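Dear colleague,

Please find below the structure that I am handing over to you.

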Amino acid sequence: MYYPYCDCEDRSILFSRIVRDLLNLDVVLLYYPGHLATAVAFHQDVKGDYVLLNGTKYIVCDPTYIGAPIGKTMPDMDNKIAKIIMLQ
């Protein structure tokens, strides 16, 4: 928070902590070649791009895709090849 610059890893990690700690929702990291984003398991039905992990639907919520709505994957990122990283 102190530094004026951050990248996708910084924003995704911070966002995942905020969502997990304050909203008590499950979050996973999505690793695309050269980019890191997040996806959230909401308790209600949310439309948009998603990944499935162990039968749970995680909606893409990319904190670095400025101005994008929930469920919008950044252009040139493919959710089919994204590596899903579970958080504890």
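**Findings**

Ser 16 is buried, its relative accessible area being 2%; buried stands for under 20%, exposed for over 50% and partly exposed for what lies in between, with a 1.4 Å probe and protein chains only. This serine belongs to helix α1, which covers residues 8–23. Setting aside residues up to four places away in sequence, Ser 16 touches Val 27, Thr 38 and Leu 87, where contact means heavy atoms within 4.5 Å.

Two remarks on the basis of these values are needed. The model is a predicted one, in which local features need pLDDT of at least 70 and side-chain atom pairs count only at pLDDT 80 or more, while totals for chains, interfaces and linings use all residues. Residues are numbered from 1 along each chain as its sequence is written, and side-chain values use heavy atoms, with hydrogens and water left out.

**Overall fold**

The protein chain contains 1 helix and 5 strands, arranged from the N terminus as α-β-β-β-β-β. Helices (H or I, at least four residues) and strands (E, at least two) are DSSP runs, numbered from the N terminus. The radius of gyration of the protein chain is 12 Å, close to the 12 Å that the globule rule gives for 88 residues, so the chain is as compact as a globular protein of that length. That radius is taken over C-alpha atoms, and the rule is 2.2 Å times the number of residues to the power 0.38. Along the principal axes, the C-alpha atoms fill a box of roughly 40 × 30 × 25 Å.

Of the 88 residues, 36% count as buried. Among contacts with a separation of 6 or more, 45% come from residues 24 or more positions apart.

**Nonpolar cores**

A nonpolar core is here a set of buried Ala, Val, Leu, Ile, Met, Phe, Trp, Tyr and Cys residues joined through side-chain atoms within 4.5 Å. The largest has 11 residues, including Val 28, Leu 30, Ala 41, Val 51, Tyr 58 and Ala 82. Strands β1 (26–32), β2 (35–41), β3 (50–53) and β4 (56–60) each supply at least two residues of this core. A second, separate core of 5 residues includes Val 19, Leu 25, Val 27 and Cys 61.

**Individual residues**

Lys 57 is placed in strand β4 and counts as partly exposed, at 35% relative accessibility. Beyond its neighbours within four places in sequence, Lys 57 is in contact with Val 40, Ala 41, Asp 45, Val 46, Tyr 50, Val 51 and Leu 52. Its C-alpha atom is separated by 8.9 Å from that of Ala 39, a residue 18 positions away along the chain.

Two asparagines have a positive phi. For Asn 24, in the loop between α1 and β1, phi is near 55 degrees, and the residue counts as exposed at 64% relative accessibility. For Asn 54, in the loop between β3 and β4, phi is near 50 degrees, and the relative accessibility of 68% likewise makes Asn 54 count as exposed.

Yours sincerely
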